[in-house]
Amino acid sequence: MLLQMMVTLDGYAAGPDGALDWIEVDDPELDAYLAELLGAVDAQLFGRASYELLAQYWPGAQQDPATPGDAMLAPLVNALPKIVVSTRPDLDLPWQPARRIGADLAAEVAELKNEPGKPVVIFAGARTAQEFLRLGAVDELRLLVFPVLLGAGQRLFDAVPPQPLRLVEVVPFRTSGVVLQTYRRQ
């Protein structure tokens, strides 16, 4: 299971009140990396709030993308199955294909990890990422570090137990200044 998160240089996954305006960059190399990642996974996993936020944009992004990169990414994002973490059994999932997990998260995560095929990527949000890290379910951690300091917001690694990691790759995206750092569990 992969965890792909966008973070600021000072470790925030979201600004105050959940603001994500700092992730808006136009970088064709970064977009190509994200397209490659989407092609290498069988599903994308989101927390409920992130799913609901992204469902407001991505379905329409194929016809009305905010950036050229979004035009390229939208068909990939929309076609991939979405797994939504929520304890609400009546959760409406209009952005399809999608299914809900969360009734017994530890058992459901174990089942996901044992399914054949390509990995699942956890994209958002920070609380969901923290829960998967606490469960020890993350095999590879990919951080897209944005060159911005927020000074406040939601930290990615709050309440996460110590976990030894090994750096396996660093890729700078020079247009945006974003740096991909890839770590694997030791």
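Lys and Arg count here as positive and Asp and Glu as negative, while His and the chain ends are not counted. The place of a charge is NZ of Lys, CZ of Arg, CG of Asp or CD of Glu. On this basis the protein has 15 positive and 24 negative side chains. The centres of the two sets lie 7 Å apart.

The model is a predicted one: local features need pLDDT of at least 70, side-chain atom pairs count only at pLDDT 80 or more, and totals for chains, interfaces and linings use all residues. Residues are numbered from 1 along each chain as its sequence is written, and side-chain values use heavy atoms, with hydrogens and water left out.

The overall form was examined next. The protein contains six helices and ten strands. Helices (H or I, at least four residues) and strands (E, at least two) are DSSP runs, numbered from the N terminus. The C-alpha atoms fill a box of roughly 40 × 40 × 35 Å along the principal axes. The radius of gyration is 16 Å, which agrees with the value near 16 Å for a compact globule of 186 residues. This radius is taken over C-alpha atoms, and the globule rule is 2.2 Å times the number of residues to the power 0.38.

The protein exposes about 9400 Å². Carbon and sulfur atoms supply 54% of that area. Accessible areas come from the Shrake-Rupley method with a 1.4 Å probe; for residues, only the protein chains shown count as cover. Of the 186 residues, 44% count as buried. Buried means under 20% relative accessible area, exposed over 50%, and partly exposed in between (1.4 Å probe, protein chains only). Contact means heavy atoms within 4.5 Å. Among contacts with a separation of 6 or more, 71% link residues 24 or more positions apart.

In soluble globular proteins, nonpolar side chains tend to be buried together. A nonpolar core is a set of buried Ala, Val, Leu, Ile, Met, Phe, Trp, Tyr and Cys residues joined through side-chain atoms within 4.5 Å. The largest such core has 30 residues. Leu 30, Tyr 33 and Leu 144 have the most contacts inside it. At least two residues of this core come from each of helix H1 (28–39), helix H3 (58–61), helix H4 (68–79), strand S6 (120–124), strand S7 (140–146) and strand S10 (178–185). H1 gives the most, with six residues. Leaving out residues up to four places away in sequence, Leu 30 touches Val 25, Leu 144, Phe 146, Phe 173, Ser 176 and Val 178. A second, separate core has 26 residues, including Leu 3, Val 109, Leu 141 and Val 145.

Met 1 sits in the segment before strand S1 (2–8). Met 1 counts as buried because its relative accessibility is 9%. Beyond its neighbours within four places in sequence, its contacts include Leu 112, Val 120, Ile 122, Phe 132 and Val 138. Met 1 and Leu 165 are 164 residues apart in sequence, and their C-alpha atoms are 14 Å apart.

Leu 91 lies in the loop between strand S4 (82–85) and strand S5 (98–101). At 11% relative accessibility, Leu 91 is also buried. Outside four places in sequence, Leu 91 is in contact with Arg 48, Glu 52, Val 84, Ser 86 and Arg 100. Arg 48 is 43 residues from Leu 91 in sequence, yet 8.7 Å away in space, C-alpha to C-alpha.

Pro 65 belongs to the loop between H3 and H4. Its relative accessibility is 28%, so Pro 65 counts as partly exposed. Pro 65 touches Tyr 57, Asp 70 and Ala 71, not counting residues up to four places away in sequence.

The backbone was checked last. Most residues other than glycine have a negative phi, and most peptide bonds are trans. The bond from Gln 96 to Pro 97 is cis, with omega near -5°. Pro 97 is in the loop between S4 and S5. A cis peptide bond also joins Ala 124 and Gly 125, with omega about 0°. Gly 125 falls in the loop between S6 and helix H6 (126–134).

Asp 17 has a positive phi, near 60°. Asp 17 lies in the loop between strand S2 (12–14) and H1, and counts as exposed at 86% relative accessibility. Ala 159 has a positive phi of about 60°. The loop between strand S8 (154–155) and strand S9 (165–173) holds Ala 159, which is exposed at 62% relative accessibility.
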